[in-house]
Amino acid sequence: MSGTRAEHPDHPARRAWKARLAANEPAVLSSGAPYTIAAFYRFVALPDRTALRDELRAAFSEEDLCGTMLIAGEGVNGTLAGSAETIDRMLAMLAAKAGLDRADVKFSSSAEKPFGRLKFLLKREIIAFRKAAVDPTHAGNYVQPQEWNALIADPDVLLLDTRNQYETDLGTFAGATDPGIETFSDFVTYVRENLDPAKHRKVAMFCTGGIRCEKASAFMLQEGFSEVHHLKGGILKYLEDVPEAASKWQGECFVFDRRTAVGHADFEDPKAAEKQA
């Protein structure tokens with residue numbers, strides 16, 4: 001992190017999120033198995049987003065599925081939890097209807113129900129970027145988790161954390177620049193006021209699951225930055241695929257569910273999240 005700002009161990013935004021989660025009593029699956037949590041997104045043209053929402057509601061409203069999925073004309077974005085069987089059916093439906101590749105989904109687990117209820121929401125965008133018009137289909141270069149360490153070891157690379165301040169306070173990659181933003185849309189202002197395409201010729205960026213970087217990298221290319229890379233699958237996929245012994249990640253990764261934060265241990269052992277809960 002930048003080191004220029006005092007850390008906030010109980011940032012107001014994080015505290016408010018915890019309070020909302022605490023209002024819902026924890027629950028468990030009747031089978032006793034842990035919840036499978038699937039985090040995913042896909043940018044794809046959806047000409048009839050209402051029809052997709054209605055199909056999903058009809059298929060899963062009576063199931064053990066919980067969490068939130070955003071559906072927009074530009075694609076889908078969600079983090080959902082349920083039994084392994086329910087998650088499999090949900091992902092199969094999204095593969096058929098939205099072209100979601102299961103290999104791009106980030107999986108983890110929780111002993112308790114991580115979300116209060118199930119919501120399928122229609123939105124104008126699946127990730128808000130209000131201060132600039134961006135075409136996310138023209139994004140930067142994907143970098144696989146296994147190749148990330150080599151890229152960020154390059155001294156000519158500007159390593160950029162695109163997440164909000166209350167997230168970066170919990171953890172980040174060693175050497176990352178923290179923009180200190182309060183909302184993702186503030187990233188536009190940060191780039192325009194602090195970065196220079198002529199000076200910052202090679203940029204590598206990351207976020208929780210990859211979706212923010214998809215739009216952020218497209219925006220930076222539009223702004224004239226010539227070489228922009230982003231971590232495919234985000235921090236969650238990195239924690240899942242890269243052994244802790246080889247990891248450049250420091251601290252924990254903030255997540256928007258009852259767990260609040262995860263680390264390598266939550267992905268190395270399917271029951272690790274159960275131990276943490």
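Which exposed residues does the face of α4 turned away from its buried side carry? Keep that question in mind while you set up the view.

This is a predicted model, in which local features need pLDDT of at least 70 and side-chain atom pairs count only at pLDDT 80 or more, while totals for chains, interfaces and linings use all residues. Residues are numbered from 1 along each chain as its sequence is written, and side-chain values use heavy atoms, with hydrogens and water left out.

Start with the whole protein, which has 10 helices and 13 strands; helices (H or I, at least four residues) and strands (E, at least two) are DSSP runs numbered from the N terminus. Of its 277 residues, 51% are buried, where buried means under 20% relative accessible area, exposed over 50%, and partly exposed in between, with a 1.4 Å probe and protein chains only.

Next, select helix α4, residues 145-152, and colour its buried residues, Pro145, Trp148, Asn149, Leu151 and Ile152. Looking down the axis of α4, you will find that these buried residues fall within an arc of 165°, so they line one face of the helix; the arc is that of the directions from the helix axis to the C-beta atoms. On the face turned away from that buried side are the exposed residues Gln146 and Ala150, which answers the opening question. If you then show the partners in contact (heavy atoms within 4.5 Å), the buried residues of α4 pack against several elements, among them β9 (202-206), β10 (227-231) and α8 (234-241).

Select α8 now: six of its eight residues are buried, so this helix is largely enclosed by the rest of the structure. Those buried residues are Gly234, Ile235, Leu236, Lys237, Tyr238 and Leu239.

Move on to α6 (residues 186-194) and α7 (residues 211-222), whose axes come within 11 Å and cross at roughly 35°; the axes are lines fitted to C-alpha atoms, for helices over the stretch in contact, and angles run from 0 to 180 degrees between N-to-C directions. Phe187, Val188, Val191 and Arg192 of α6 make the contact with Ala216, Phe219 and Met220 of α7.
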